Amino acid sequence: MESLPPAGPEPDLKTRALWIKAREIWDRCDDQRAFRAFVPADYEEVYQALARLKGRLATVLEWGSGLGVVTIMASNLGFEAYGIEHEPQLVEWSRKLAKEFGPRAQFVTGSFIPREYEWNPRTADESFRSDVDAEPAYDGLDMELRDFDLVYAFPWPDEQPLCRDILRQCGRKNTLFLTYDAREGCLLRRVSDRD
Ligand SMILES: C[S@@+](CC[C@H](N)C(=O)[O-])C[C@H]1O[C@@H](n2cnc3c(N)ncnc32)[C@H](O)[C@@H]1O
């Protein structure tokens, strides 16, 4: 497990305004089909984790980027930041938010599971809430998973092994994996770390 350096800077007013706007959209649209697998992370906590990584890496990819808030925050912190989300309506919202709060953030519709990923019977599970059938999004980014220095995700607890297996197979050995979990908060690992 990697350790995060001590506290980062306070989020600025623009970042806080982004959180408020995203919260308003979620409150308004929560009952819509596109939002069925969307739950926002604790943005303040993820912001602090990303801010502490400034200067250590360049490219950040958010898996299942929802309303795009984490990708936009990463972009505004100076990372080259991309979000992959399989719900087109959420990608539309992300692009709208990016236009107002962080125009360098880039979003693409599709799945974060790469085409070349070979399903592992130990991590496969029919009860996954993540979409396992959508078209992979990497062609749309013209990038591969191994091009990213850090992948961020807020997976359901039983999907953590799948996420880590994808990174082990298709990422680089030194790819960092930042996760948010409602109980544990943010955790930072290297792909090569043991479970
Ligand atoms: C728990 S939400 C996390 C949202 C955001 N990353 C955050 O931390 O606030 C998970 C998101 O992943 C999306 N998702 C699920 N399976 C996916 C897949 N295979 N590819 C891309 N996005 C997916 C869902 O639609 C949802 O928006």
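Visitor: Which strands does helix H4 lie across?
Guide: Helix H4 (residues 88-101) lies across S2 and S3, and its direction makes about 170° with that of S3; contact is taken as heavy atoms within 4.5 Å, while angles run from 0 to 180 degrees between N-to-C directions, with axes fitted to C-alpha atoms, for helices over the stretch in contact. Helices (H or I, at least four residues) and strands (E, at least two) are DSSP runs numbered from the N terminus. The model is predicted, with local features needing pLDDT of at least 70 and side-chain atom pairs pLDDT 80 or more, whereas totals for chains, interfaces and linings use all residues. Residues are numbered from 1 along each chain as its sequence is written, and side-chain values use heavy atoms, without hydrogens or water.

Visitor: And H6, which strands does that one touch?
Guide: H6 packs on the sheet through S1, S4, strand S5 (176-181) and S6, and its direction makes about 165° with that of S5.

Visitor: What's the strand order in the sheet?
Guide: The sheet is open, has 6 strands with mixed pairing, and reads S3-S2-S1-S4-S5-S6, where two strands pair if DSSP finds at least two bridges between them. Strand S3 (106-109) and S6 are the edge strands, each with a single partner, so one side of each has no neighbour in the sheet. On average, neighbouring strands are turned by 20° against each other, direction ignored.

Visitor: How do S2 and S3 run, parallel or antiparallel?
Guide: S2 and S3 run parallel and are joined by 4 bridges; in this region Gly-83 stands opposite Phe-107 in S3.

Visitor: Switching topic: at what angle do H2 and H3 cross?
Guide: The axes of helix H2 (residues 43-51) and helix H3 (residues 69-76) cross at roughly 35° and come within 10 Å. From H2, Tyr-43, Val-46, Tyr-47 and Leu-50 meet Val-69, Val-70, Met-73 and Ala-74 of H3. By class, this contact has 8 nonpolar, no polar and no charged residues, with Ala, Val, Leu, Ile, Met, Phe, Trp, Tyr, Cys and Pro counted as nonpolar, Asp, Glu, Lys and Arg as charged, and the others, Gly among them, as polar.

Visitor: How many cavities are there?
Guide: The structure holds 2 cavities of 30 Å³ or more, a cavity being a set of points on a 1 Å grid over the protein atoms alone where a 1.4 Å probe fits but cannot get out, with lining residues having an atom within 4 Å of a point.

Visitor: What lines the largest cavity?
Guide: The lining of the largest cavity comprises 34 residues, with Ala-37, Trp-63, Gly-64, Glu-85 and Phe-154 nearest its centre. The lining divides into 20 nonpolar, 8 polar and 6 charged residues.

How values were computed: On a 1 Å grid over the protein atoms alone, a cavity is a set of points where a 1.4 Å probe fits but cannot get out, and a pocket is an open set with protein on both sides within 12 Å along at least five of seven lines; lining residues have an atom within 4 Å of a point. Grid points are joined across faces, edges and corners, and a volume is the space filled by probe spheres set on the points.
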